[in-house]
Amino acid sequence: MRHRAGDLDRIVIVGAGRAAVAAAEELHRLGFTGAITMLGGEAHPPYHRPACSKGLLTGRQRPADAHLSFSAPVRWLPGRTAEDLDVTRQIVYTQTGEEFEYDGLIVATGAKPVSPPGWPVGEPGLHVLHDIEDAFALAGALREARRVAVVGAGFTGCEAAYVVSSLARECVIVDSNPQVMTRAVGAVTGGLVADSMRHEGVRMRLGRRVRTVSRSRRGWRLDLDDGSHVDADVVISALGERPDTSWFTARHADTGDGLLCDESLRVLGVNRVVAAGAVARWPNPWYGDAPGRCDQWIAALEQGQAAARTLLAGQRPAPAAPLQPRYWSDLFGLRIQVCGRLDGADDVEVTELRPGRRDIARGGMVAVHLRDGVARGVVAVNAPRQFTTLAREMRAAGPVARPRVSLPAAQTSHQRRLSLVG
Ligand SMILES: Cc1cc2nc3c(=O)[nH]c(=O)nc-3n(C[C@H](O)[C@H](O)[C@H](O)COP(=O)(O)OP(=O)(O)OC[C@H]3O[C@@H](n4cnc5c(N)ncnc54)[C@H](O)[C@@H]3O)c2cc1C
């Protein structure tokens, strides 16, 4: 298959992360021989972003260890941030004053960290953790720190807390939810992981909001909504991420929460433009529901590949891009693995691998999330074998057939059924 002649000679990819690299590799694999230009806002070659809260933060990995290698003949241009777009003349404008004409455009700009208005993020001691520079800056600050506050107990916040604790620094974690990682692993598993983290010495201020952040004589002071406060030398703001589509102005497309796409990742309202990764909001055919985003590593890889296929299809119908979320984390001796969708309204069936242990998560557990008796998601902690079996079963059930997952009898030695409503 050759995709050069005709009307698709120049493909521009905006962004140089997981989705962008996957798209470039897929174009190459499918025989595209035209020019691929990849514009990256960062100065670094594409890298493994999850390493920023793991090996790059602890210093166990060097930047070279985290590089994303690619074999596609790509013209990668670092330090180029797309600032504007002319969809009629098909030109991307960057902050360097350069113009990049395209026949096909792939938007893979990911998401950026959000901080509450008024937080002086970037001042010494007040950090976000999103890119390689953030990881270096934070690693440096942690060397001198004694007390560290992490605001936001999602995956990134908890992984940061893990690094802080492993450096033998005092760590307090603040979140408005009563457990950790609520969105990522659900409330039931999140509560059990929070128990494990407490056992490891992390102080929890859960169910509390930070009202104000201010400078104090010895660092930072966080005032919480119950009138108490937390003092810290270093504060890590880990309050989630949102796509920045300001350059892709709303007159071109729906940019409400990422770029609104169809099932094949074509951006609605503009020609010859597809999106992939954390910036794409699309109706995931796996679930057949309203458009949403999926800000995960494997999702970015699969969407990058799918977006490339869609672009090469031109005006022809392109296959849909179904996706079953899968992600993981390793912290405090807990190997957390997730497959599928979790929702606060799910029924959750928990199986303990070592019943009677005080620290249930550490002993191994599997939580199956069910809706109307049908399994939609699985979370495993320190249960890799069980997770693999269940995740395989859910994947095999496919996007059309609704997955029905049952725990193998050998593992159901002890079951607790917990119903969560709302
Ligand atoms: C600290 C951290 C840890 C994580 N850990 C995990 C994990 O363990 N497991 C997991 O599944 N997911 C994890 N994630 C999420 C995962 O990294 C993202 O879902 C994934 O990187 C998204 O890929 P992407 O290609 O869409 O965006 P990104 O990887 O964010 O890449 C987007 C790139 O586009 C560039 N860009 C943005 N705007 C412009 C512009 N206007 N012009 C040019 N370039 C631009 C950015 O600089 C960036 O380099 C983590 C995220 C963070 C921040």
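This briefing walks through the overall build of the protein and then a few of its salt bridges. The model is predicted, so please read every value below as computed from that model.

**Overall size and fold**

- For a chain of 422 residues, a compact globule would have a radius of gyration near 22 Å, and the 22 Å found for the protein agrees with that.
- Along the principal axes, the C-alpha atoms fill a box of roughly 65 × 60 × 35 Å.
- If you look at contacts between residues at least 6 apart in sequence, 62% of them join residues at least 24 apart.

**Surface and charge**

- Of the 422 residues, 53% count as buried.
- The accessible surface comes to about 18,500 Å², and carbon and sulfur atoms account for 48% of it.
- There are 52 positive and 46 negative charges, and their mean positions lie 4 Å apart.

- E26 and R29 meet through their side chains in a salt bridge, with an N to O distance of 2.9 Å.
- Both belong to helix α1 (residues 18-29), and because they are three residues apart there, about one helical turn separates them.

**A salt bridge between two loops**

- R208 pairs with D225 in a salt bridge whose closest N and O atoms are 2.8 Å apart.
- This pair links distant parts of the chain, 17 residues apart: R208 lies in the loop between β12 (203-206) and β13 (210-216), and D225 lies in the loop between β14 (219-224) and β15 (229-232).
- R208 has a relative accessible area of 27%, so this residue is partly exposed.
- D225 is likewise partly exposed, because its relative accessible area is 26%.

- D359 and R362 form a salt bridge, and their closest N and O atoms are 3.1 Å apart.
- D359, at 9% relative accessibility, falls under the 20% cut-off and therefore counts as buried.
- R362 reaches 24% relative accessibility, so this arginine counts as partly exposed.
- Elsewhere, salt bridges that share partners join R205, R208, D225 and D226 into one network.

Methods. Residues are numbered from 1 along each chain as its sequence is written. This is a predicted model: local features need pLDDT of at least 70, side-chain atom pairs count only at pLDDT 80 or more; totals for chains, interfaces and linings use all residues. Side-chain values use heavy atoms; hydrogens and water are left out. The radius of gyration is taken over C-alpha atoms; the globule rule is 2.2 Å times the number of residues to the power 0.38. Buried means under 20% relative accessible area, exposed over 50%, partly exposed in between (1.4 Å probe, protein chains only). Contact means heavy atoms within 4.5 Å. Accessible areas come from the Shrake-Rupley method with a 1.4 Å probe; for residues, only the protein chains shown count as cover. Lys and Arg count as positive and Asp and Glu as negative; His and the chain ends are not counted. The place of a charge is taken as NZ of Lys, CZ of Arg, CG of Asp or CD of Glu. A salt bridge is a side-chain nitrogen of Lys or Arg within 4 Å of a carboxyl oxygen of Asp or Glu. Helices (H or I, at least four residues) and strands (E, at least two) are DSSP runs, numbered from the N terminus.
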